[in-house]
Amino acid sequence: MRYAIGLISVNAAPAWNGDPADPGPEMSLARVTGAMAVDQAATAGDQDLLTWVLLQVASVARRANDFRASRDLAEKGLAAAMTSPRSGYGPWSLMEAAGNPDWAEEGDIYRQVVAVSVAKLLAANNSTLGDYLKWKEALEHRYRFAASIRSERPTLYAQSISGFAGLARSVGDRRALLRAEQELEDFIVNDGSYNLKRILLACKASSADSMRDWTAMHALNKERLQSVLLSVEEQARASGVPEPQQNVEDVLSFLKERGDRVFTAAIGNSCLGQAMALFRKGDTRTNGDIYAQAMGLLDIAEKAYEGYGSNGFAATRLSRARISHAAPDGRGISDEAAAAEYLTISRTGHTGGIRRNAVLDAAIIAPPGNPSVAERIHELLEDSQSAHPKLRAAEAIWYHKAARADVPGFTWAQVERLALDAANALVVEGRPIDPLLAVDCWLAAVEAHKEMHGSQQLDIRLERQLQAVCLLAMHLVTVTYASERGRVARQYFRVFAVAADMATRLGNAGAAEIIMEAARRDRVGVLLGELSRNPQVHESIRLAAQQIVVANTAAPDVPDNVDTGSSALWTTRSMADIRTSQAMAAADAAKIIGPASTLADFNEFPKIRSGQIAIDTSIKGRPGIVLQLFRPEDGSNQKQELFWVLTSSIDKGQPVSQCGKTILPVNPSTLPPAVDAAFWTELYQLSEYLLPQPLRELLSERAPGSSVSLTIVPTGLLNIPFDSLVVDQDKGLMLIDCATVILTGSLAVTDSIVKPGTNDGAGSWIGVYDTQRLPHAEKERSAMFASHPSATTINTAEELHTVFSIEGQRNVEVLTLAVHGTADSSGWGQSKLMPDGSILRAVDVLRWNAPQYCVLSSCHSSLAANESTELSGFPIALILRGASTVVGSLHEVDDASTAEIMSAYWARAGIGTPAAQALAEAKRDWLGRHPESRHAPWLWAGLISYGRP
């Protein structure tokens, strides 16, 4: 026993030069003496000793990048640790003999500590070798061993939970990741230990990285660093370090001097994480100061890892190469130099992730045909127990580049085979390991097929393009960081347009609507679908919104003597408050929607079909029709292509769908504001394009007064007042004459909304009417009270928050707001000026339990799409919180005509007419009384229904 321990001790930390082929004398000696120690321990028959020796020898093998040998040794160590009963006393019996009685006390605990370490090492090796099944098995063993000593060694238990989070990140299983994080947080919440909190922070920082939330990643790593500095502050001060929290490098020197590897590594990890977050956000590419800051952080990380031979050193080197390659002002290193550095790192990295990522980076930037890249990829493929999907992707990308450049020896047939293999391998148990990498592989397979077969077999290419479309949409939906969604959308903008064109050419309406729904990448729609399956989504949204609204909402006091003059002054003041509040709205929404979206299952979205929606939206014999429009927004859509899918349930049988494409005469995104007469002139020219000919023919042939229920999904055309579009010029028909129009953001939104019941008066009605600033609102108010005399009025935003809070009333059925409204570019900052002068933003209602029917007869209550194409605005916020139907407005509305139309609306709503139908009939009634205004749509067409009829 003593001999075995001695063999391990004298070669416990051998130096290694980083070359697996020639590891140097110390590493070579350590490998030889380690094998001798294993033989000695096995002969001694002490399973505890054997477990400990195998752990030490396996660790040395891993340090030498001999991952297979390290795995084999760790497997033997795990088997020894699980042997029962175990004989002997292990290495700690010698410690007791040497005068350390604590070891005798903790012998049983230490057995479990060693077993945890062996299982941890085995998991790391299986991760490096890409064996996910064995990786998971090793993590389960580690967790069981750690659970048995969770009270005595809470850090080991917390780290074992964090291990599951790492596996979940690697296979793209967000639900498993969130479960692991929640279990870790529940365990740590009542413990004041900085060590445990750092484990949680590290886990969350890694999760933020995988979810591409770089802002959170940066903030969490800064918090990790502060946690370390706080932990050692007292000792650092005692050793002469002034202001430890501001002097990271001095604290690091102090820790290195006393040989504290734990805190030293923690500083290195947090600084490395901050630097990578700055890089991934793109700041280091454009800002010289941030570039210098990132490089300084890497200097600290490098110093922290120096001498320890940890994987952090290789990770720091890889990060430095990436940041240097993309330095601002063209100061970056060349592609050739960066590729060479990446290839070197791929040989020295200790973890499979570092090695794979480095060679993948090399494959992306190296000149086509460089043999060094292909050789290294093949070496790693041969090294792994199973060819890791990312290595397969690197090989496919490499061959794709070479084939594009006509490099001899690289064929399109090879590209197709490799790309298909990699694309399929990148999906593990139905989840993509790296969605964007899988997208690149599918697109390479599409291009290879086209190069080989020309225009033939378009259906095969469409099938592959659909795979890319769905993966890209999945990624865009689940990324929490808005600027990252925007960047990816710009990079891959053609994927959706090319797929839509393929489907249209083939007349494949089913594929076309999948593509359109994916192009909408509607996180809110996906969340709506998840609400019925996962109550945690509801709670996540509500709690996040509650925290934000409480922090941001401040209702100003209104003077008691508000007259006409002071009202104008008060409105001006309040509008300034609104603009200030709007600036925070998009960020607030991201904090609410982003984390909640990680709980949703995007795999449900392809199952949604317009046919069922067409049937569901039929009302009292009124046929249901769904029109989906898709205009690719890529900044260079010179053709102004518009794709459409039309689905109808006219015949009451199986719904029929058809698809097509048209070229718009003008760009709808360049239309002037609706207050400009030119808007309506140009809109008139778009009628025959926005309403496909089959739809116009179907509507024109129906009997007068026989309207249909028409759900429109106006992707990229959210500001169009469809009611005013011409259906039949000869007959003088507009859409308002023959259809009850409902707008929706996506199929997912409509499919997920709870079907509304009948307005039977069982629930209460609440109205907000600013009759002082909007004199015409008194007419609408009177009509609402005539329909529902027991209705109540509210004047402040805070009252609304109270009523619709989780603790508030549950029986409110209708909410109506007739107040001043303002637009906002992000949508979430759409604001309503309450009678008391307080402000209600769209983002604020995410804290509510919204009533089933919401009527917002005020300006700017529309769906919107922010810069990352995400749906926003009052209608979607209310629907997300429980509303079935929202009556809103597309733009500024005329006060007098709106009051008249809404008075007619309330007369119908009061007798149970569904909201969308009531609005359409009220418009027709108004037009019947004002026939001269049919061609003045700015007076009546801006009011619109969202959601369900």
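Guide: Contact, or touching, means heavy atoms within 4.5 Å. This is a predicted model, in which local features need pLDDT of at least 70, side-chain atom pairs count only at pLDDT 80 or more, and totals for chains, interfaces and linings use all residues. Residues are numbered from 1 along each chain as its sequence is written, and side-chain values use heavy atoms, without hydrogens and water.

Visitor: L462 lies in which helix, and is L462 buried or exposed?
Guide: L462 belongs to the helix that spans residues 458-478, which is helix 24 (helices are DSSP runs of H or I of at least four residues, strands are E runs of at least two, both numbered from the N terminus).

Visitor: How many Å apart in space are L462 and M502, C-alpha to C-alpha?
Guide: Leaving aside residues up to four places away in sequence, L462 touches A499, M502, A503, L506, N508, A511 and I515. M502, one of these partners, is 40 residues from L462 in sequence, yet the C-alpha to C-alpha distance is 6.1 Å.

Visitor: Q457 is found in which loop, and how accessible is Q457?
Guide: Q457 has a positive phi of about 55 degrees although it is not a glycine. Q457 is found in the loop between helix 23 (435-453) and helix 24. Q457 counts as partly exposed, because its relative accessibility is 36%.

Visitor: Between which strands is H860 found, and is H860 buried or exposed?
Guide: Phi of H860 is near 60 degrees, a positive value in a residue other than glycine. H860 is found in the loop between strand 16 (853-856) and strand 17 (864-865). Because its relative accessible area is 16%, H860 counts as buried.

Visitor: Are helix 18 and helix 19 roughly parallel or roughly antiparallel?
Guide: Helix 18 (residues 335-348) and helix 19 (residues 352-365) pack with their axes 8 Å apart, at an angle of about 160 degrees (axes are lines fitted to C-alpha atoms, for helices over the stretch in contact, and angles run from 0 to 180 degrees between N-to-C directions). That makes the two helices roughly antiparallel.

Visitor: Are helix 18 and helix 20 roughly parallel or roughly antiparallel?
Guide: The axes of helix 18 and helix 20 (residues 371-383) come within 11 Å and cross at roughly 15 degrees. L343, S346 and R347 in helix 18 meet S372, V373, R376, E379 and L380 in helix 20. Angles under 35 degrees count as roughly parallel, over 145 as roughly antiparallel, 65 to 115 as roughly perpendicular and the rest as oblique; helix 18 and helix 20 are therefore roughly parallel.

Visitor: How are helix 21 and helix 22 oriented, roughly parallel or roughly antiparallel?
Guide: The axes of helix 21 (residues 389-404) and helix 22 (residues 412-425) cross at roughly 155 degrees and come within 8 Å. Helix 21 is therefore placed against helix 22 as roughly antiparallel.

Notes. Buried < 20%, exposed > 50% of the residue type's maximum accessible area, 1.4 Å probe, protein only.
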